Amino acid sequence: MSYAQGAFFVKAFCFIFAVEIAIKNYSDALFVAQNERRQLDSLDGLWTFVREPPNSVGIGLRNNWASLELAAFENSSLIPVPAAYNDLTADSEQRDHFFNGELVAEHVGGHLPFQVEVQLMGLNLITVAVNNTLSRETIPPGDFSTIKLSSGRELVNLVPHFDFFNYAGILRSVYIWHLPQILIRGIRIQADHSGFFSYRIDIDEGVHTKKGIQIRVGIYTFEEEMKIYELFGAQNSTNFDKIELWWPKGMGSPNLYTAEIRLESVSSDGSEKLLDVYRETFGFRTVTVDQNRIYINGLPFYCHGFGMHEDIGIHGRGFDRATMVKDLNMFDWLNGNCYRTSHYPYAEERAHLADRRGIAVITEVPSLRLFLRSTGQLLPRMLL
């Protein structure tokens, strides 16, 4: 088990602590974004890092290290976030998250965002406890056993069920996301090549039924930011006669649009007050698959690209914008139009940039090796 700790000072009454690591209850969370109603503070930087002694079986949890100042430990060091910790420790899969010494979230696995809602003021402390033991219930999975040497010393033998280097650490950015009390919680958009458009907006339960609350959805062109349509309600649909389709590189232009979702209160005199706003970029496109072909907007698509990994030598799989841009610039050099996220979901920023540059992305769910090679046994725990 290893621990990473960061402190910050806030004056907001209500905010969201967002980390790019998976937790089941928040898998549909909106991507962190800043606008006139949502403030975003980054906690990226140098965090204090402490590793437990080998085979200590959770000594940090038993002794409540989360409430202590890790910088006072003799073996403490500083680790950049986001980054992988493999120069100091092994693969990390199970994480417990503490806020001011209190456990606020725990999960097994990784690669996807999660959010934790807190309402505190003043000086605050985040501690992340990481267990690096792989099992048949972790993602990615593995087996481990204890080998006893003739000297009496015990070694842990880890057998991974995957064929790539499994970087460990806090691999995505950490944010404090200040949100309004009445807010937009989820957005689902469907836009296909026929011009059909539909949406569903999730807000706090009961808010949309209150008198004087309205949801306004404006559709804008991506570059000119010109409004072309407006709809109202928590869900609605329409058909566009003239639209520019999104095409991958080599088949056309990657045309995009922006949906601006506004949550407003309307007074008796007709004046409007903005409660929350969120902007989501999308393209009109249809992707279908038959037995041996992929079709985009009804035309056969040839994927000119490769499977790739999200890492770089300096900080492993820790998200880095310079690396992301360099990767896609190399795609231009290779005339590529597609890649597969081997073998885990990438940071959402990569999908957003690929969308703008006309690169199709084949994403993998974080469930590598659902079957054991030796027995063909399905791992049902990983399907939950």
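Which residues does Gly195 touch, not counting residues up to four places away in sequence? In this predicted model, Gly195 touches Thr238, Asn239, Phe240, Ile243 and Phe284. Gly195 lies in the loop between β15 and β16 and, with a relative accessibility of 0%, counts as buried. Its contact Phe284 is 89 residues away in sequence, yet the C-alpha atoms of Gly195 and Phe284 are 6.9 Å apart in space.

**Nonpolar cores**

Phe284 also belongs to the largest nonpolar core, which holds 32 residues. Together with Ile184, Phe197, Ile201, Ile219, Ile261 and Phe282, Phe284 touches the most other members of that core. Several strands each supply at least two residues to this core: β14 (174-178), β15 (184-191), β16 (196-203), β17 (213-221), β20 (257-266) and β21 (272-282). Another core, of 17 residues, lies apart from this one and includes Phe49, Ile79, Phe114 and Ile126.

The surroundings of Phe282 can be listed in detail. Leaving aside residues up to four places away in sequence, Phe282 touches Ile189, Ala191, Phe197, Ile219, Leu256, Tyr257, Thr258 and Ala259.

**An open antiparallel sheet**

Strands β17, β20 and β21 also take part in an open sheet of 4 strands, ordered β18-β17-β20-β21 with antiparallel pairing. In general, strands of a sheet pair through backbone hydrogen bonds, either parallel or antiparallel. Here β18 (227-232) and β21 stand at the edges; each has a single partner strand, so one side of each is left without a neighbour in the sheet. On average, neighbouring strands of this sheet are turned by 20° against each other, direction ignored. The antiparallel strands β20 and β21 are joined by 10 bridges, and Leu263 stands opposite Asp276 in β21.

**The disulfide**

The count of disulfides comes to 1. Cys303 and Cys338 form this link, with an S to S distance of 2.2 Å. The angle about the S-S bond is -90°, and the link is left-handed. Cys303 lies in the loop between β24 (299-301) and β25 (305-308), whereas Cys338 lies in strand β26 (residues 338-341), so the pair ties together parts that are 35 residues apart in sequence.

| Residue | Relative accessible area | Class |
|---|---|---|
| Cys303 | 30% | partly exposed |
| Cys338 | 1% | buried |
| Gly195 | 0% | buried |

Cys303 is therefore classed as partly exposed at 30%, because buried means under 20% relative accessible area and exposed over 50%.

Methods: Residues numbered from 1 in each chain as written. Predicted model: local features only at pLDDT ≥ 70, side-chain atom pairs only at ≥ 80, totals over all residues. Heavy atoms only, no water. Core = buried A, V, L, I, M, F, W, Y, C linked by side-chain atoms within 4.5 Å. Buried < 20%, exposed > 50% of the residue type's maximum accessible area, 1.4 Å probe, protein only. Contact = heavy atoms within 4.5 Å. Disulfide = S-S within 2.5 Å. Pairing = 2+ DSSP bridges. Axes fitted to C-alpha atoms, helices over the stretch in contact; angles between N-to-C directions.
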